[in-house]
Structures are given as structure tokens and as C-alpha cells.
Amino acid sequence: MASPFILASNSPRRRALLADAGYEFEVIVPAVSETASAHLSLRELTIANATRKGSAVSHLHPRRIVLAADTLVALEGEVIGKPRDLTHARVILRRLSGRTHDVCTGVCIVDPQRKISFAEISQVRFHKLNDSDIANYFRAVNPIDKAGAYAAQAAGRSIIASIEGSFTNVIGLPMERTTEFLAQFGLRPVNVSQPRLPASWPARAPARVSIRGTKTKR
């Protein structure tokens, strides 16, 4: 029996978020490259990339429901991608040090009858970081495959001062809104006995989270 839906993503963080929330799904990595365009806003660009991923997998499995996403980090409107190497990762974290940047995730859900897409933006402020702070962080976290060269869920409290908005969005999938839209496709958590959804920045962290907008989302 096929899983209720397909996650079109190679991200272990998105897989973990959905599994921890109690969803059952199949993972199929889309064979498409992410695009970049100076003519698109951050929201438009992430939605465009998520749609490309979702459409590619949906084309191969036209009768299935497909969920795809794309996350980008931007500082003062400039998109900051994944670092090329550790040297580049250090440059990125020095730029983000002591400043507030945007994390935007575009999401696309498609089935044979319809397609829904949306984007969520969270604001993340970093502590002021010195070279020792960055070196210590890199000893705990491999930054190479991560937008902005960091992960909020992995030793994030050592570099992040505050998060305004959805914490799971910063991880890679805004679960509050994603859950709402999956329900519109008839998809709900299957393993509901012990769901583990990290809906907010940990309370013990020296950080502040503002929940905005919807019943359970930011």
C-alpha cells in the first residue's frame, strides 16, 4: 500500500519534522536544480523552486499527493545560499553576526486536481559572534549543506539570540501552516500517540519567539 503522500525533498530536517509530527510519507528526491533570479522576491523564489520540485515528482507520479519545499536565507534582501566550503561558511556567519536576517520557506502541495503554494518568513537574530564562537559551532555542526551555514535545531542556541515567527520554518518546513494545508488534502497525522512537533524555540533558550497569524502558527 502506498504511503499517503510523497515528500519531494532530500532534506533530513524536513523528513524529521513530518515524521515527528506523526505523518507517514514516502521520500522521492526530485531531479531538478534550484533556480535563482534577481527579478523575484524571496517569497516568489522559494515558491518557484518548491513548485519546480513538486511538479517534477508529480509528473512521474500523477495520481499521488506531493509535498515540496525550498528554504532560503536572506540578509537585507540579498539571498545567502549554502556555503561552498568551511572558509565560505565562516564568511557567511561573520556577515550574519549580531544582525537580523530572514528565513523563507516556500511550500507546494499538488495532487491530480489542484495545487496549493505558500511561503513563510521568519526573522532570526544572531548573537555577536567572534572567530572562537564560529569555530566552536562548526565543531558541533557541519554547515556545508545548510542555507546560511547554520541549523537552528543543532546547537542553534549558541549562535541564535531570537527568532520572530515559526521555529520549524527556520528548520526547513513551517509545520503550522503545512499541517493546515495537508488537512485540506485529507492528510492528517497517522501516528498520533506521541507526536513530537517542535512548535517553538525551546523555552530554556535565551531567545524570544513571536507567534503570529493563525490558530497554531506563527
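This is a predicted model: local features need pLDDT of at least 70, side-chain atom pairs count only at pLDDT 80 or more; totals for chains, interfaces and linings use all residues.
1. Now a step back to the chain. Its 218 residues are 49% buried, and the chain has 6 helices and 7 strands. Along the sequence these elements run β-α-β-α-β-β-α-β-β-α-β-α-α. Among contacts with a separation of 6 or more, 70% link residues 24 or more positions apart.

2. The largest nonpolar core is worth a look too. Nonpolar side chains tend to be buried together in soluble globular proteins. Here the core counts 46 residues, and Leu 18, Leu 93, Phe 126 and Tyr 150 have the most contacts inside it.

3. Which residues does Phe 126 touch, leaving out those up to four places away in sequence? Two of them are Leu 93 and Tyr 150, which are also listed with Phe 126 for the most contacts inside the core. Phe 126 also touches Leu 96, Ser 97, Gly 98, Arg 99 and His 101, along with Ile 159, Ile 160 and Ala 161.

4. Helix α6 (residues 175-184) has a buried set made up of Met 175, Glu 176, Arg 177, Thr 178, Phe 181 and Leu 182. Note that Glu 176 and Arg 177 are on that buried list. The cover over the buried residues of α6 includes α1, β3 and α5, together with β5 (100-110) and β6 (115-126). Just past the helix, Gly 186 adopts a positive phi of about 80°.

5. A last point for anyone thinking about cysteines: are Cys 104 and Cys 108 buried or exposed? Buried means under 20% relative accessible area. Cys 104 has 0% relative accessibility, so Cys 104 counts as buried. Cys 108 is at 1% and therefore counts as buried as well. A disulfide is a covalent bond joining the sulfur atoms of two cysteines, and the structure holds 0 disulfides.

Notes. Residues are numbered from 1 along each chain as its sequence is written. Side-chain values use heavy atoms; hydrogens and water are left out. A disulfide is a pair of cysteine sulfur atoms within 2.5 Å. Buried means under 20% relative accessible area, exposed over 50%, partly exposed in between (1.4 Å probe, protein chains only). A nonpolar core is a set of buried Ala, Val, Leu, Ile, Met, Phe, Trp, Tyr and Cys residues joined through side-chain atoms within 4.5 Å. Contact means heavy atoms within 4.5 Å. Helices (H or I, at least four residues) and strands (E, at least two) are DSSP runs, numbered from the N terminus.
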